[in-house]
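Work through the exercises below with the predicted model open. Try each task before reading its solution.

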Amino acid sequence: MASALALAFVVYSCKPNLSEAEKLDLEKTPLQTMDDMFFVQTENGQLKMRVEAPRMEVYEHDTLSYDLFPSGIRVYAYAEDGTLETTIVARKARHDKYPKRKNDELWSVFGDVVVRNILRKQTMETDTLYWDSKAHEIWTDCYIKLSSPDGYMQGTGMRSDEMARNAILKKPFDNEFYIDRDSTKVVIDTVNFIGPMLKKL
């Protein structure tokens, strides 16, 4: 009789713990988490990209693996000569990887996305942006605003190379431009200037 009571007690006491385990959704549980994440990408010894994030969560599945950056992300991309050219800042990000498709991956950034091409002094602002590292392209289907020293453009949808050098709006609207330079100003190239031809006497 005593052994039967003991067995009943053990089964009863374990039941709540089993219920909590059953509630755990492994599909939504990260395999690994990292705080203050930082990594760099190089090519032939040349720095190409630097990524920083307060937190990264790694999820692994059969057909799709992905990294989540729930607390924001900063991306720094460098030109061929090593100069910092482009930066991307966003509140959240996701990096999708397809194990069965070699080199097939997609980056998505969300929330107050700001892309700056420092060398061209151009800025793009949108809510969602995608980056295909295989195709070397960035794009969005959301509202976007493009600013430069000469003015700004706005519209819906954009496509550009990954360094944001040649952004093209898909559906521009209500665009305004201002010119802060005098178009009538004459600039003389003192290096290549030959001067007026002298009249022969």
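**Exercise 1.** Find which strands each supply at least two residues of the lining of the largest pocket.

Solution. 
- Step 1: Pick out S7, which gives the most, with four residues.
- Step 2: Sort the lining by type: 14 nonpolar, seven polar and seven charged residues.
- Step 3: The lining has 28 residues, and Gln41, Met49, Trp131, Ser133 and Glu162 are the closest to the pocket's centre.

**Exercise 2.** Describe the lining of the second largest pocket.

Solution. 
- Step 1: Take the volume, about 240 Å³. Of 18 lining residues, Gln122, Leu146, Ser147, Ser148 and Ala167 lie closest to the centre.
- Step 2: Assign strands. S7, S8, S9 and strand S10 (151-161) each supply at least two residues.
- Step 3: Sort by type: nine nonpolar, seven polar and two charged.

**Exercise 3.** Decide whether Ile88 is buried or exposed, then list what it touches.

Solution. 
- Step 1: Locate Ile88 in strand S5.
- Step 2: Apply the cut-off. Buried means under 20% relative accessible area. Ile88 has 12% relative accessibility, so it counts as buried.
- Step 3: Leave out residues up to four places away in sequence. Ile88 then touches Ile73, Arg74, Val75, Val109, Val113, Val114, Val115 and Leu129.

**Exercise 4.** Identify the residues with the most contacts inside the largest nonpolar core.

Solution. 
- Step 1: The core has 25 residues; Phe69, Ile73, Val109, Met124 and Leu129 have the most contacts inside it.
- Step 2: Strand S2 (46-59) gives the most to this core, with five residues.

Key:
Residues are numbered from 1 along each chain as its sequence is written. This is a predicted model: local features need pLDDT of at least 70, side-chain atom pairs count only at pLDDT 80 or more; totals for chains, interfaces and linings use all residues. Side-chain values use heavy atoms; hydrogens and water are left out. A nonpolar core is a set of buried Ala, Val, Leu, Ile, Met, Phe, Trp, Tyr and Cys residues joined through side-chain atoms within 4.5 Å. Buried means under 20% relative accessible area, exposed over 50%, partly exposed in between (1.4 Å probe, protein chains only). Contact means heavy atoms within 4.5 Å. On a 1 Å grid over the protein atoms alone, a cavity is a set of points where a 1.4 Å probe fits but cannot get out, and a pocket is an open set with protein on both sides within 12 Å along at least five of seven lines; lining residues have an atom within 4 Å of a point. Ala, Val, Leu, Ile, Met, Phe, Trp, Tyr, Cys and Pro count as nonpolar, Asp, Glu, Lys and Arg as charged, and the others, Gly among them, as polar. Grid points are joined across faces, edges and corners, and a volume is the space filled by probe spheres set on the points.
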